[in-house]
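Here are some notes for a colleague who is opening this entry for the first time. Please keep the structure in view while going through the points.

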Amino acid sequence: MTQKPRRRVAVLGATGVAGQQFLVSLADHPWFELCVLAASERSAGRPYREAITSPGGALRWGCDEPLPERFASQPVIDARSLDPRSVDLVFSAVESDAARPLEEFFAPHVPVVSTASAFRYEDDVPILVPGVNHEHASLVKRQQRERGWRGYVVPIPNCTTTGLVMALAPLARAYGVRSVVMTSLQALSGAGRSPGVAALDILDNVIPFIPKEEEKVQRETAKILGSLDGDRIAPLEIAVSATCTRVNVRDGHILSVSAGLGRSASLGEIAETLRAFGREFADLGLPSAPPELLHVTEDPYRPQPRVDRRLHDGMTTVVGRLRQDPVLPNGVKLVLLSHNTKMGAAKGATLVAEYLVHRGLA
Ligand SMILES: NC(=O)c1ccc[n+]([C@@H]2O[C@H](COP(=O)([O-])OP(=O)(O)OC[C@H]3O[C@@H](n4cnc5c(N)ncnc54)[C@H](OP(=O)(O)O)[C@@H]3O)[C@@H](O)[C@H]2O)c1
């Protein structure tokens with residue numbers, strides 16, 4: 001692969017859970033140089049390490065990897081004060097309400113790759129998942145044409161949708177998928193720092209509701225698995241019934257999924273279909289791409305968050321417990337694990353940006 005010039009990038013929301021993961025993904029990146037750490041006015045003007053230190057002196061760094069030393073003393077700026085022309089690409093890791101005006105401010109000038117939901121449901125905006133629907137990327141040209149922007153917004157999905165579509169995409173292509181019933185057991189880091197989940201609420205407990213999550217999974221799944229028809233995405237006709245719960249796990253969302261397929265297939269065939277998925281995408285050789293997007297395990301006690309979430313640096317969805325589902329027509333059921341802050345947030349968004357560069361769109 002030819003060497004690309006390094007692009008100057010900014011992270012908005014650099015102090016948050018997803019933002020911290022961006023620092024790790026971009027610290028030694030061959031194509032992107034992280035020049036700007038931006039957050040709210042609460043953090044602005046302080047060196048990064050100080051901005052993530054509580055008034056009592058606790059460093060609130062949430063990644064397994066150490067805080068990259070080169071960013072520790074870099075000042076955090078107020079995202080609103082950044083000149084959009086001073087960078088080549090912006091990563092947005094800000095809560096949705098705050099993300100909307102910020103992304104609208106930057107996208108007329110530069111590409112914005114976002115973990116937030118602010119733009120996900122707009123007609124001219126693709127929700128990109130590496131290996132699943134990257135061909136939807138061409139929709140950004142419609143955004144540029146119709147909105148008069150030089151840049152664009154490309155969101156990644158909600159972190160629960162990411163694992164679900166990763167497993168459903170190969171099944172949809174090979175057999176068709178008509179219906180899905182899914183229950184998630186979602187990690188605490190998925191709730192972010194503010195407000196996050198209080199320790200006393202989750203210790204010794206499961207919380208059976210995550211506001212807006214089930215609607216997001218249902219809507220995003222149909223859009224991502226849909227087909228690009230000229231300048232529009234025709235959503236897949238699929239019934240998705242989601243129940244989303246919060247559990248006492250730090251990182252890694254588990255999903256229990258039952259899918260009704262368009263035709264019957266043996267479990268052996270299905271396992272092979274899942275194993276073969278994403279090879280062409282991996283062959284692109286993008287810096288953050290894992291060697292396998294899906295890993296199928298035969299161990300009946302896997303996947304487990306603590307044991308399996310670090311596979312290929314959290315970029316591989318682990319699928320296990322493949323069984324026939326006797327309830328849905330041509331039914332199959334499985335359990336999957338997807339790392340919510342790696343593939344489901346920062347490193348997944350980094351991989352999307354790499355693909356946009358590869359396509360000549362960034
Ligand atoms: N956590 C995950 O696993 C995950 C996965 C996928 C997608 N996401 C999405 O990523 C986004 C960030 O989530 P998170 O979990 O990282 O949340 P978080 O830990 O609460 O962090 C929020 C970040 O947004 C910044 N911020 C808030 N208001 C702002 C404003 N007006 N202007 C600029 N920056 C502002 C905060 O800066 P201050 O520190 O200065 O307040 C902080 O850096 C959300 O849209 C979320 O849905 C998260």
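1. A polar contact is a pair of N or O atoms within 3.5 Å; within protein, one of the two must be able to donate a hydrogen and the other to accept it, and residues adjacent in sequence count only if both atoms are side-chain atoms. The model is a predicted one, in which local features need pLDDT of at least 70 and side-chain atom pairs count only at pLDDT 80 or more, while totals for chains, interfaces and linings use all residues. Residues are numbered from 1 along each chain as its sequence is written, and side-chain values use heavy atoms, with hydrogens and water left out.

2. Histidine 29 sits in the loop between H1 and strand E2 (32-39), where helices (H or I, at least four residues) and strands (E, at least two) are DSSP runs numbered from the N terminus. A polar atom of the histidine 29 side chain lies 2.9 Å from the backbone nitrogen of tryptophan 31. With a relative accessible area of 4%, histidine 29 is buried (under 20% relative accessible area, with exposed over 50% and partly exposed in between, for a 1.4 Å probe and protein chains only).

3. Apart from neighbours within four places in sequence, histidine 29 is in contact (heavy atoms within 4.5 Å) with Arg6, Pro287, Ser288, Thr350 and Glu354. Serine 25, which belongs to helix H1, counts as buried at 14% relative accessibility.

4. Turning to the ligand, 29 residues surround it, the closest being Thr15, Ser40, Ser43, Val94 and Thr115; a residue is near if one of its heavy atoms lies within 4 Å. A polar side-chain atom of threonine 15 lies 2.6 Å from an oxygen atom of the ligand, a backbone N or O atom of alanine 18 lies 2.8 Å from a ligand oxygen, and a polar side-chain atom of serine 194 lies 2.9 Å from a ligand oxygen.

5. Helix H4 gives the most to the shell around the ligand, with three residues.

6. In helix H5 (residues 140-147), the buried residues are Val140, Arg142 and Gln143. Seen down the axis of H5, these residues fall within an arc of 155°, so they line one face of the helix; the arc is that of the directions from the helix axis to the C-beta atoms. Their cover includes strand E6 (152-155) and strand E9 (232-234).
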